[in-house]
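Hi,

Here is the structure I promised to pass on to you.

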Amino acid sequence: MNLLSTTLLLLLLLFSPTAVVVKHAAAQSADDQFLAAREAARAGDRSRLERLAPALHGYELEPYVDYWLLVPDLKDADPALVRAFLGRHENTYVAEKLRADWLRQLARKQQWDLFDGEYARLLQPDQEMACYALQARLARGDAKALDDALPLWLSALEPPDSCYPVFEALIVGKRVLADAVWARIRRQFEANKIPAAFYTMNYLPPSQTPERKLAQTVADSPLPWLIKLPADFSGNRMQRELAALAIQRVARNEPQVAADQLERIGSSLQSGEKSWAWSQIARQAAQRHMPEALPWYRQAGAVPLSDEVAEWKVRAALRVQDWGGVRSTIESMPPALAAQPAWVYWLGRAYRAGGRIDEANALFGRIAGQPDFYGSLASDELGRPTTPPPKAPPASREELAQVAALPGVQRAQAFFRLNLRSEGVREWNWALRGMSDRELLAASEIALRSGNYDRAIAAADRTRNEHDYSLRYLAPYGDQVRPAARNQALDDAWVYGLMRQESRFISSARSPVGASGLMQLMPATAKWVANKIGLKDFHQGRVNDPETNLLLGTTYMRLVLESLDNHPVLASAAYNAGPGRARRWRADRPLEGAIYAETIPFSETRDYVKKVMNNSIYYAALFDGKPQTLKNRLGVIAARTGGEVRGEDLP
């Protein structure tokens with residue numbers, strides 16, 4: 001029997017109930033020993049780890065045991081020993097991890113010759129590694145290293161320690177002067193990276209460097225500091241720059257107060273400083289949907305805008321249907337930003353509003369058919385309702401066997417078996433790299449059969465030409481979800497769209513803030529709904545039970561929906577950010593649903609609503625077998641009215 005036949009037989013046995021019991025019994029002892037080895041490594045108990053290691057020879061996760069044995073001595077390890085490990089496990093996640101660990105040690109000891117040889121083999125270098133590589137080039141006297149480092153100056157706002165020697169080389173080489181230092185500080189204030197901004201101040205000329213106590217006061221108590229400024233400080237650059245930064249800090253909470261202060265001190269500021277300060281006030285006003293946002297942007301003039309400030313200028317124009325402002329702002333964006341699907345779509349809408357139909361359709365055609373929010377909207381604009389692409393043939397037994405036999409897939413499955421999901425996800429994602437569409441569909445099916453719904457979706461999401469949208473848009477727990485949705489009179493496509501975004505159907509999912517289960521219920525929300533419906537014997541331990549989670553989650557969806565005009569866009573926003581916020585984000589006049597979604601102030605909620613609503617049209621298309629239009633589903637959001645109280649008691 002050849003290897004493929006043997007693997008195929010093992011795969012067929014793997015998914016039979018009897019085989020699961022046998023496999024579990026056979027693996028249990030090795031699993032227990034691996035978990036013990038992992039604990040010994042975490043505790044730094046090398047002697048115990050060495051005793052456990054021989055018994056794990058041939059075990060799927062043996063490379064991790066080898067890694068734990070090697071990494072504590074990596075600082076002074078024999079390069080031959082490290083390379084032997086890398087050779088045994090080349091192209092694996094654990095080899096990438098060890099190589100990065102070793103590169104850090106080599107860089108800290110400035111062993112650049114060794115570093116260069118290994119860095120070239122690193123498959124996914126992060127910013128820390130990229131900056132170490134720039135250090136190595138600088139040490140060799142590479143004349144282009146400073147040119148390549150310069151873009152980091154304004155993009156790496158809170159960099160790893162490895163970037164600071166590179167920044168210092170830019171300063172010493174006079175590639176970065178005072179104007180660029182202040183520009184970086186401004187960007188860091190915009191991003192609320194205040195400690196990093198304080199560090200950047202060390203690069204200023206001595207005459208412009210504020211004392212740390214003064215800088216801290218500007219960041220923490222900007223308004224009192226501004227009020228105490230002398231009448232004229234125009235001749236002091238440090239004072240002017242700090243004043244602009246203080247205006248930015250005040251604007252974060254009170255844009256109108258910041259505007260009043262800027263009007264008061266504006267004559268002491270130079271035009272670039274004043275324009276930047278107005279852009280910051282305008283950005284904060286735009287996020288609050290204040291009518292002053294666009295006039296304040298006009299006060300900023302033609303000052304260069306950071307990406308986020310420019311994006312909010314577009315959103316402010318969208319809220320008031322100023323299509324000329326939408327067009328001019330997107331056209332002035334840097335090419336990489338303007339090429340993002342969001343701004344391609346909205347520029348197309350601006351062209352259409354201005355009668356430039358052919359140009360609009362050309363833009364829509366660039367993104368139409370992409371399976372995301374803007375691709376669906378662009379398809380609608382071209383009169384092409386959304387339908388899933390033709391379904392690819394299912395993975396064959398041979399294809400399943402080949403993918404199941406891949407060591408990376410086996411390691412991921414072993415981690416999932418051990419309930420070590422984070423480790424399993426990393427191995428799974430690494431294993432998917434470079435897979436063909438057929439391999440991805442096989443991987444998705446394997447994950448589905450083992451109950452790892454999120455990994456099944458992750459694999460199916462990556463296909464490029466052959467697709468299976470029943471895998472991309474899995475609909476598990478149908479016997480529980482559909483009755484729960486029906487009992488609450490909810491659209492099951494919307495319910496599934498929300499669940500896909502919330503938990504990817506992992507019933508044990510728990511968010512960093514404590515939301516749990518399939519529908520990611522917060523403890524207070526779960527308790528409130530349980531009390532509302534009189535659920536007996538409820539306790540927080542029941543939240544991860546799928547049936548209880550679905551009962552509470554769909555009930556909450558229905559209550560939120562009823563309190564918000566039965567509009568799924570508003571209710572989706574409320575599910576993520578709370579009903580009060582969803583209500584406040586409405587406009588004083590009817591607003592297109594897509595514009596409401598685009599102008600949600602919270603980036604997490606904005607992204608969430610777009611994905612939930614786009615998910616829902618694909619689920620509807622799969623469930624109903626009919627083309628769907630996202631624009632119709634988004635609809636129109638009614639104008640806010642005074643004295644709204646409905647749903648105010650909802651958590």
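This is a predicted model: local features need pLDDT of at least 70, side-chain atom pairs count only at pLDDT 80 or more; totals for chains, interfaces and linings use all residues.

Let's begin with helix α4, which covers residues 62-70. Because 9 of its 9 residues are buried, this helix is largely enclosed by the rest of the structure. Among the buried residues are Tyr64, Tyr67 and Trp68.

Glu62 is buried but has no salt bridge; the nearest side chain of opposite charge is that of Arg88, 7.2 Å away. Leaving aside neighbours within four places in sequence, Glu62 is in contact with Leu56 and His57.

How many salt bridges does a search of the whole structure find? The count is 44. Here are some you can look at:

- Arg137 forms a salt bridge with Asp142 (2.8 Å, N to O). Asp142 has 25% relative accessibility, so it counts as partly exposed.
- Arg137 also meets Asp148 in a salt bridge (2.8 Å, N to O). This pair links helix α9, where Asp148 sits, with helix α8, where Arg137 sits, and the two residues are 11 residues apart.
- Arg237 pairs with Asp179, their closest N and O atoms being 2.6 Å apart. Arg237 is partly exposed at 23% relative accessible area, whereas Asp179 is exposed at 53%.

Finally, a network of salt bridges links Arg83, Glu90, Arg99, Glu118 and Arg121.

Happy exploring!

Terms used. Residues are numbered from 1 along each chain as its sequence is written. Side-chain values use heavy atoms; hydrogens and water are left out. Buried means under 20% relative accessible area, exposed over 50%, partly exposed in between (1.4 Å probe, protein chains only). Helices (H or I, at least four residues) and strands (E, at least two) are DSSP runs, numbered from the N terminus. Lys and Arg count as positive and Asp and Glu as negative; His and the chain ends are not counted. A salt bridge is a side-chain nitrogen of Lys or Arg within 4 Å of a carboxyl oxygen of Asp or Glu. Contact means heavy atoms within 4.5 Å.
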